[in-house]
Structures are given as C-alpha cells and as structure tokens.
Amino acid sequence: MRVLVTGVDGYIGAVLGRRLLKQGFEVVGIDCGFYRDGWLYNDHQPQPLTLTKDVRRITSKDVEGFDAVVHLAELSNDPIGELNERATYEINHLGSVALARVCKQAGVSRFVYTSSCSVYGAADDGGERTELSAPNPQTAYAKCKVLVERDIGALADMHCSPVFLRNATAFGASPRVVFDIVLNNLAGFAWTTREIRMTSDGTPWRPLVHVEDICQAVALALEAPREAVHNQIFNVGDNQQNYRIREIATIVGQVFDGCTVTFGRPSGDNRSYRTSFDKIRRHLPEFRCSWSAELGARQLREIFKRIGMTDQMFSFRGFTRLEQLKHLIATGQIDGDFYWHPLEEPTGKGQSE
Ligand SMILES: NC(=O)c1ccc[n+]([C@@H]2O[C@H](COP(=O)([O-])OP(=O)(O)OC[C@H]3O[C@@H](n4cnc5c(N)ncnc54)[C@H](O)[C@@H]3O)[C@@H](O)[C@H]2O)c1
C-alpha cells in the first residue's frame, strides 16, 4: 500500500512514518518543516522520503498514485490557535478540506484524519463522551477539528472514504518530541528539576494515549475493510486511561526518583473531558493500547538518561511548538500567515538530519 503522510516531521509523524515503513507500507512524507530544528535522539531507523511543501499548496500531482493519505499536518495545539486564529483556520480547517478534495479528485479514496478528543472541550459533568456526544470545542484548534470532520464527512462516497481518529492527548517518546503536552512536560520537569510544581489543582480530566498506540490505530485504519471504517469517527485511547491531571503528575513524580509534586489552586482552564473508547475496539478489534502513563514516563526517563538531557535541551524552542513558530516569525523565516519566506524555505527532499 502506498501511503502519503502529511506532517511526517512532527511529533506523531516522526514515529508514524518509520513505523509504517517497518510494517511494509510504502511511505512518502510531506511537511513544511516548521520543527526540523528539534531532534531529541537518534534511533537509526529508516525514514520516509519527504517532500518539503506547505499543505495549502498541495495539488493533485502530489497525491496521484497513492492508495491512502494520512493527514497530520496542522498547527497542532491550542495556544498556536490563539496566536493567529485566521491562519489556524486556513491551515487546519480549509487546508485539510482542500487536501481531502484533491485526494478525491485524484482517486485516493482512504483518507485518515487525526482529529482530537479536545472536540469534547468543557464536559466536566462526570459522564464519558462517546463519538455520538455533542462536541463542545473551546478553542480555535478544537473548533477546526469539528469543522474538518463535518466538511470532509460531507465528501464521503464511493470514491472517498474518510476515517476520523479523535486522539486523546498524546504522550511518549518521539525523536521530534514535544514538551508542551502534559505528561511529557511533567516528565521533563521531573528529570531536570526533581520537582513538579503544578500551578493548578489538577482536577480536570484528560484522556491520554501513547504516540505508538496512535500509530497502531492509524495503521489499522489504513488496512481495515472499507465497511468497518468508512466515514466513521473513533475516539483513540483506552477507557483505563482517563486521568485527572493531578493523577498524571503523581504517576510521573513516582517514576522519577526524588521528585516532589505540589499542587496549586483551581485554574480558569475549563477543558476537561472523560472519553469512552469502546467504539474503536468494536470496529478495529485488534486495537489495544499497550502503553500506560506510567510506562510512558519510564520510557522518557530512560531516554533522558541515555542522552543526558539538560535544562537547555528541555527548554529548547524546537520542542515547544508555540516557541518555535514565534522564533521563525521573529527572525523573518516565516511570515505572519506561516508561509516560509522564499529565501528561507527548507529545500528539497529528504530529512534534514
Ligand atoms: N499531539 C497530540 O497530543 C495530539 C492529540 C490529538 C490529535 N493530534 C493531531 O495529530 C496531528 C499531528 O500532531 P503532532 O502532535 O504530531 O503535531 P506537530 O506539531 O508535532 O506536527 C505537525 C507537523 O505538521 C507540519 N505542518 C504544520 N503546518 C503545515 C503546513 N501548512 N504544511 C505542511 N506541513 C505543516 C509541521 O511542520 C509539523 O511537522 C495534528 O493534526 C494534531 O492536531 C495530536
């Protein structure tokens, strides 16, 4: 199966591209390379050939001949959406829908889209959100996810078979790790300072899923019979892994020797949701999450130890999406709409490392 993976140079993409290659897929990547400065460790795995291109400029020529597209290339967290809401809509909503249209025209029928459980937003009534629950997105990022599901869902027919994976918040190792997601961030503090000092009380619920388990869901969604996944939405994660943020902090604190954990006061952040992950198990019975928060924290601890991770590495802008984009804008490498300046555009094919 020939698969085009957009966003292959991101946190999930860097794991997914290599894993799909290993599983025997023929993989080509597309990425505009915002975060190529950040590469935490080498694991000497073959990487897919990658074309440097903005998804907003993809034409049918780029997708012709592929059996499937996995679409990850978006501005991928809430604070970035607040930095430039218009560009977030252009890339995440309009860019994603345009890409799906191009795929349909070019005869690429399977389109796997990485949505997010953040569509459930403020849902702290104790009940678990299923795929049938009404979304309640709180941010531009999450609102775009809902719009993309709606608009790409409307394209579904005999020639276009979209699958929407609403991933829980990711954690775990990737060479292009991000440290601004909850478990990875706490693990970074635990390693570098031996202290997790929460500014909030940590009561909100946050389902978690390891990046490898997301990749497993993507691979299964690519290979599944059409009738199992056609135009379906799946929450991706595990019922056992709905955590309160304070539980995540406690688990991480226990994994890192000598780490203290303290909590603050209730915060204004009202994003809180528990999620049911029953549906994916019904439609893709092989899907199982192999990783818990504790295993993920141990995995990160081993990697930090192996590479001798320092404060400087932990706080490097390349591992914090918002900081890297601010840096690229401040240094004139990309413009306010997140297009590379023509002279700065990372060149050619292949990985920069
Ligand atoms: N990380 C999570 O916790 C999580 C959870 C749920 C869903 N998701 C979704 O999974 C996808 C991948 O997430 P991630 O954590 O790997 O994000 P990431 O920010 O690490 O990677 C995104 C990649 O897309 C590329 N990109 C961004 N805009 C682009 C554009 N206009 N043209 C070409 N490339 C572009 C970036 O250069 C980057 O390499 C996103 O859609 C995200 O919303 C992530």
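Okay, let's start at the ligand: one of its oxygen atoms has a polar side-chain atom of Lys-145 2.8 Å away. The protein covers 98% of the 820 Å² of accessible area that the ligand has on its own, with areas taken from the Shrake-Rupley method and a 1.4 Å probe.

Quick caveat: this is a predicted model, where local features need pLDDT of at least 70 and side-chain atom pairs count only at pLDDT 80 or more, while totals for chains, interfaces and linings use all residues. Numbering runs from 1 along each chain as its sequence is written, and side-chain values use heavy atoms, leaving out hydrogens and water.

Back to the polar contacts, meaning pairs of N or O atoms within 3.5 Å. Asp-31 brings a polar side-chain atom to 2.6 Å from a ligand oxygen, and Ile-12 uses a polar backbone atom, 2.8 Å from a ligand oxygen.

So who else is around? There are 28 residues around the ligand, and Tyr-11, Asp-31, Val-55, Ser-76 and Tyr-141 come nearest; being around it takes a heavy atom within 4 Å. By type, that shell splits into 12 nonpolar, 9 polar and 7 charged, with Tyr and Cys counted as nonpolar and Gly as polar. β5 gives the most, 3 residues. Helices here are DSSP runs of H or I, at least four residues, and strands are E, at least two.

Last stop, helix α7, residues 211-223. Its 13 residues should span 18 Å at 1.5 Å a residue, and the end C-alpha atoms sit 19 Å apart, which agrees; the expected span is 1.5 Å times one less than the number of residues. In α7, 11 of the 13 residues are buried, that is, under 20% relative accessible area with a 1.4 Å probe, protein chains only. Among them are Val-211, Asp-213 and Gln-216.

Notes. Polar contact = N/O pair within 3.5 Å; in protein donor to acceptor, adjacent residues only side chain to side chain. Buried < 20%, exposed > 50% of the residue type's maximum accessible area, 1.4 Å probe, protein only.
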